[in-house]
Amino acid sequence: MIKIILLIIIAIGVTAIFDARRIAEKYFSSSDINKQVLLLKAVGFLVSAICAIIFSFI
């Protein structure tokens, strides 16, 4: 059960990486969109990497 949850979280993180520009344009103000896109990509990468490491040890 925990592996399925980890795979779903990894998928959400990867989606955040690839769709960061669309997510930032839709949900955040357009004052400094490049900084928000960079933040979304970094958070998506970290979440995916941490969950992948946990998944590999289970």
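At 1.5 Å a residue, the 25 residues of helix 3 (residues 33–57) should span 36 Å, and the end C-alpha atoms of helix 3 lie 37 Å apart, which agrees. The model is predicted. Its chain holds 3 helices and 0 strands. Read from the N terminus, the order of elements is α-α-α.

**Confidence**

- The mean pLDDT of the chain is 92. A score of at least 70 is reached by 100% of the residues.
- Helix 1 has the highest mean pLDDT among the elements, at 95. Helix 2 has the lowest, at 89.
- Where pLDDT is low, predicted coordinates should not be read in detail.

**Overall shape and surface**

- The chain has a radius of gyration of 13 Å. For a compact globule of 58 residues the figure would be near 10 Å.
- Along the principal axes, the C-alpha atoms fill a box of roughly 40 × 15 × 15 Å.
- Of the 58 residues in the chain, 22% are buried.
- Take the contacts between residues at least 6 apart in sequence: 57% of them join residues at least 24 apart.

**Helix 3 and its packing**

- The buried residues in helix 3 are I33, Q36, V37, L40, G44, S48 and C51.
- These buried residues pack against helix 1 (2–18) and helix 2 (20–27).
- I33 is one of the buried residues of helix 3. Beyond its neighbours within four places in sequence, I33 contacts R21, A24 and E25.
- S48 also belongs to helix 3. Its relative accessibility is 10%, so S48 counts as buried; the cut-off for buried is under 20%.
- Setting aside neighbours within four places in sequence, S48 touches I10, G13 and V14. Helix 1 covers residues 2–18, the stretch that holds these three partners.

**Nonpolar core**

- The largest nonpolar core has 5 residues: A20, A24, I33, V37 and L40.
- Helix 2 and helix 3 are the elements that give two or more residues to this core.
- Helix 3 supplies the largest share of the core, 3 residues.

- L6 sits in helix 1. Its relative accessible area is 7%, so L6 is buried.
- Apart from neighbours within four places in sequence, L6 is in contact with C51, I54, F55 and I58. C51 is itself among the buried residues of helix 3.
- L6 and F55 are 49 residues apart along the chain. Their C-alpha atoms are separated by 6.6 Å.
- I12 is also placed in helix 1. With a relative accessibility of 54%, I12 counts as exposed; the cut-off for exposed is over 50%.
- I12 and G44 lie 32 residues apart along the chain, with 7.7 Å between their C-alpha atoms. G44 is one of the buried residues of helix 3.

- K26 has its place in helix 2. A relative accessible area of 63% is why K26 is classed as exposed.
- K26 and I4 are 22 residues apart in sequence. From C-alpha to C-alpha, K26 and I4 are 29 Å apart in space.

Notes. Residues numbered from 1 in each chain as written. Predicted model: local features only at pLDDT ≥ 70, side-chain atom pairs only at ≥ 80, totals over all residues. Heavy atoms only, no water. Helix = DSSP H or I, 4+ residues; strand = E, 2+ residues; numbered from the N terminus. Expected span 1.5 Å × (residues − 1). Buried < 20%, exposed > 50% of the residue type's maximum accessible area, 1.4 Å probe, protein only. Contact = heavy atoms within 4.5 Å. Rg over C-alpha atoms; globule rule 2.2 N^0.38 Å. Core = buried A, V, L, I, M, F, W, Y, C linked by side-chain atoms within 4.5 Å. pLDDT = per-residue confidence, 0-100.
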